[in-house]
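Subject: Structure for you to look at, with notes

Dear colleague,

Here is the structure I promised to pass on, and below it you will find my notes on what turned up in it. Please read them with the model open beside you.

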Amino acid sequence: MISIFKRKSREKLDNNRINVTIFSREKIEELLKQGSLQNNLAVISFYDNPMIVDDPYCVPVNYPNNIPVFFSQTDDIAYEFLAVRGYSEETYFQDDVEMAKFILSCVNKGIKNFYCQCEFGQSRSSAVAAAITEFYNKDGIEIFSNHQFSPNKIIYRKLFNALKMQNFLIAINF
């Protein structure tokens with residue numbers, strides 16, 4: 001579990017910051033067993049497509065019903081291996097628009113805390129965390145510069161662009 005902490009100087013200036021915590025599957029399952037989830041929380045949870053029958057990593061984490069959760073069945077694939085797995089940049093990570101709508105909706109309902117979880121808490125979840133923190137707090141670079149993470153750049157780019165577009169569409173509809 002890695003928290004993306006608020007900077008004290010910014011905290012005083014901006015009470016509207018969005019807080020994001022990145023988890024591996026193992027760490028979030030520990031937290032769920034302890035029953036110690038934050039309040040005012042939404043979750044974005046990744047799980048893999050099954051490559052073998054009964055693969056335990058291909059089932060979503062079981063979150064409590066009172067927490068809004070967006071599940072994305074998206075494999076963790078490095079850019080160089082997209083074609084090998086039958087993907088292109090356009091066909092990989094198809095959940096960008098729906099995930100952006102989910103995030104914007106949660107924030108519009110007053111949710112300030114997001115848990116981003118994938119298998120190891122390093123690539124997919126950190127990409128989502130970077131997109132959220134860049135969009136809302138303008139400091140997503142902190143995740144890219146942290147050696148503990150290796151954000152999936154395709155997921156980051158597609159989600160960040162979808163957040164901007166969906167926010168724009170909301171703005172022009174008012």
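A word on burial before anything else: a residue is called buried when its relative accessible area is under 20%, exposed when it is over 50%, and partly exposed in between, with a 1.4 Å probe and protein chains only. Please keep in mind that this is a predicted model, in which local features need pLDDT of at least 70 and side-chain atom pairs count only at pLDDT 80 or more, while totals for chains, interfaces and linings use all residues. Residues are numbered from 1 along each chain as its sequence is written, and side-chain values use heavy atoms, with hydrogens and water left out.

Arginine 17 sits in the loop between α1 (8-13) and β2, where helices (H or I, at least four residues) and strands (E, at least two) are DSSP runs numbered from the N terminus. Its side chain makes a polar contact with the side chain of aspartate 139 at 2.8 Å; such a contact is a pair of N or O atoms within 3.5 Å, of which, within protein, one must be able to donate a hydrogen and the other to accept it, and residues adjacent in sequence count only if both atoms are side-chain atoms.

Next come the salt bridges, each being a side-chain nitrogen of Lys or Arg within 4 Å of a carboxyl oxygen of Asp or Glu. By this rule there are seven, and Arg25, Glu29 and Glu119 are linked in a network of them. Arginine 25 pairs with glutamate 29 at 3.4 Å, N to O, and both lie in helix α2 (residues 25-34), four residues apart, about one turn of the helix. Arginine 25 is buried, with a relative accessible area of 8%, whereas glutamate 29 is partly exposed at 33%. The side chain of arginine 25 also meets that of glutamate 119 in a salt bridge of 4.0 Å, N to O. Because glutamate 119 lies in the loop between β5 (113-118) and α4 (124-137) while arginine 25 is in helix α2, this pair ties together parts that are 94 residues apart in sequence. Glutamate 119 is itself buried, with a relative accessible area of 9%.

Finally, the largest nonpolar core has 38 residues, and Ile44, Met99, Ile103, Phe114, Val128, Ile132 and Leu159 have the most contacts inside it. Such a core is a set of buried Ala, Val, Leu, Ile, Met, Phe, Trp, Tyr and Cys residues joined through side-chain atoms within 4.5 Å. A second, separate core of ten residues includes Ile28, Leu31, Val43 and Tyr115.

With best wishes
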